[in-house]
Amino acid sequence: MFSSSRQTLKYLHHVSASSTQAKRHLASIAPGILQAKPLSPSFGAEVDGIDWSRPLAPEVVREIVQLQNKWGVLVFRTTGLTDTTHVQYSKNFGALETAHAMNKPRRASLPQLYDAGNLGPDDKIIPQFSRAWWHTKGNGLWHTDSSFHQHRSSYSALRAVELPPVGGQTKYADMRAAYLGLPNDIKERIENLVAEHWIWHSRKLAAPQEFDKPTDGEKATLPPAYHKLVQIAPDGINKTLYIASHARRILGMADSESTSLIKILLDHAQQPQYQVTVKWKNVGDLVQWDNRCTMHRATAFQDQSNRRDMRRTTIHDHGPGAFGVKNLLSADDIDIRAGGKIDISEGATPETQTQEQILAM
Ligand code: OGA
Ligand code: MN
């Protein structure tokens, strides 16, 4: 339905005809081996047609990349992948990150698997109010994975190993559409700006009492990273807004101005018209998203009575923006302030879990 060139031309026409009606450019893809069922008119698709029992043929990998460039978020149901085959599959798209396990001792069997669940290394539910529990709450903020690394990531591939009966869906935001929907004056204002991303900022937003002062070891292990706010999406056509709750400040601005601009951008991007919600249905479901043009967040579930075991591979970006802009900055731009001094008391942005919501879970 959305793949004919006539449809594409119509969208392009919309872009020039009226910015309020603007739709981002959607590439047309020739029919291939895989079938994509859109989750919304221009963002997210459920994909069928992969034989998960064997390594993927190169043409299937190429089709996945095309679909990923088009839809941003791909849902594969009941893959049957194991830890080992999940990691093997992910290597089709590039080198994998070694998952950091800050504050949450590693549980999964391979170092490339990031643990996004609520279980500890003893296989028991992580107790409420422990540092590890608070750490997981950062995933409830809108973010994109690894923007806090100077070598950012392209895709994340998250696999369900155990699911709670209710809740625990994952929400996604289309950052190409969000960029397109920004008022022109903001587009002009942000065109060449650079944001500093720091994981300890998002941990502090989610849990100020626990992460107000990250330890020296934490800060040394995960220092801030610097990336442009406006980038060309991996489709090579659309511009995209690269921001996340990890974004602590915008370079060259006073703290108050920077905090308020970050809030404006995050509030804008998390509006419902840019979102899809993925409901995890079965063990083995795999959702793969492009961190370069989407944001996502975890949603609540009964995390003290239900187990949720989610394992994620994260693929290093190999594109033009892979290493951000740190090399172009002067030493004065790079923030070495201890603990983060920006005032975050303006409160959580909409759709972000507040302290009350976290405590009510
Ligand atoms: C992640 C993440 C959200 C979820 O794995 O990167 O943010 O719903 N997960 O588990
Ligand atoms: Mn994440």
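Predicted model: local features only at pLDDT ≥ 70, side-chain atom pairs only at ≥ 80, totals over all residues.
Strand E6 (residues 170-174) runs antiparallel to E14, and 5 bridges join the two.

A second open sheet has 7 strands. Their order is E1-E2-E3-E13-E5-E15-E4, and the pairing is mixed. Strand E1 (35-38) and E4 are the edge strands, each pairing on one side only. Helix H2 packs on this sheet and touches E1, E2, E3, E5 and E13. The direction of H2 makes about 125° with that of E3.

The parallel part of the pairing includes E2 and E3. Strand E2 (residues 45-48) runs parallel to E3 and is joined to it by 2 bridges. Ala45 stands opposite Leu74 in E3. Together, E2, helix H2 (residues 58-71) and E3 make a β-α-β unit, which is right-handed.

Strand E3 (residues 73-76) is covered on both faces. Val73 and Val75 are buried on one side, and Leu74 and Phe76 are buried on the other. In a regular strand, side chains alternate between the two faces of the sheet. E3 also pairs with strand E13 (residues 286-290), in the antiparallel sense and over 4 bridges. In this pairing, Phe76 stands opposite Leu286.

From E13 the sheet continues to E5. These two strands pair in the antiparallel sense over 5 bridges. Ser156 stands opposite Trp289 in E13. E5 pairs with E15 as well, again antiparallel, over 7 bridges. Here Leu158 stands opposite Arg312 in E15. Strand E4 (residues 114-115) pairs with E15 in the antiparallel sense over 2 bridges. Tyr114 also stands opposite Arg312 in E15. E15 is mostly covered, with 6 of its 8 residues buried. Helix H3 lies across E5 and E15, running at about 25° to E15.

Ligand 1 draws its surroundings from several of these strands. Strand E5 (153-162), strand E14 (294-298) and strand E15 (309-316) each supply at least two residues of its shell. The residues around ligand 1 are Ala116, Asn139, Asp145, Ser156, Leu158, Thr170, His296, Ala298, Met310 and Arg312. By class, 4 are nonpolar, 4 polar and 2 charged.

Helix H7 (residues 199-206) is mostly covered, and 8 of its 8 residues are buried. The buried residues are Ile199, Trp200, His201, Ser202, Arg203, Lys204, Leu205 and Ala206. They pack against helix H4 (131-137), helix H8 (208-211), helix H9 (216-221) and strand E11 (247-250).

Ala132 lies in helix H4. Ala132 counts as partly exposed because it has 17 C-beta neighbours inside 10 Å, and 20 or more are needed for a buried residue. Ala132 and Gly120 are 12 residues apart along the chain, and their C-alpha atoms are separated by 8.5 Å.

Most residues other than glycine have a negative phi. Thr78 is not a glycine, yet its phi is positive, about 45°. Thr78 lies in the loop between E3 and helix H3 (83-90). With 13 other C-beta atoms within 10 Å, Thr78 is partly exposed. Phe129 likewise has a positive phi, near 75°. Phe129 is found in the loop between E4 and H4. Phe129 has 11 other C-beta atoms within 10 Å and is therefore exposed, the limit for an exposed residue being 12 or fewer.

How values were computed. Residues numbered from 1 in each chain as written. Chains lettered and ligands numbered in written order. Pairing = 2+ DSSP bridges. Right-handed = clockwise from strand over helix to strand, strands pointing away. Near = placed C-beta within 6 Å. Nonpolar A, V, L, I, M, F, W, Y, C, P; charged D, E, K, R; others polar. Contact = placed C-beta atoms within 7 Å. Axes fitted to C-alpha atoms, helices over the stretch in contact; angles between N-to-C directions.
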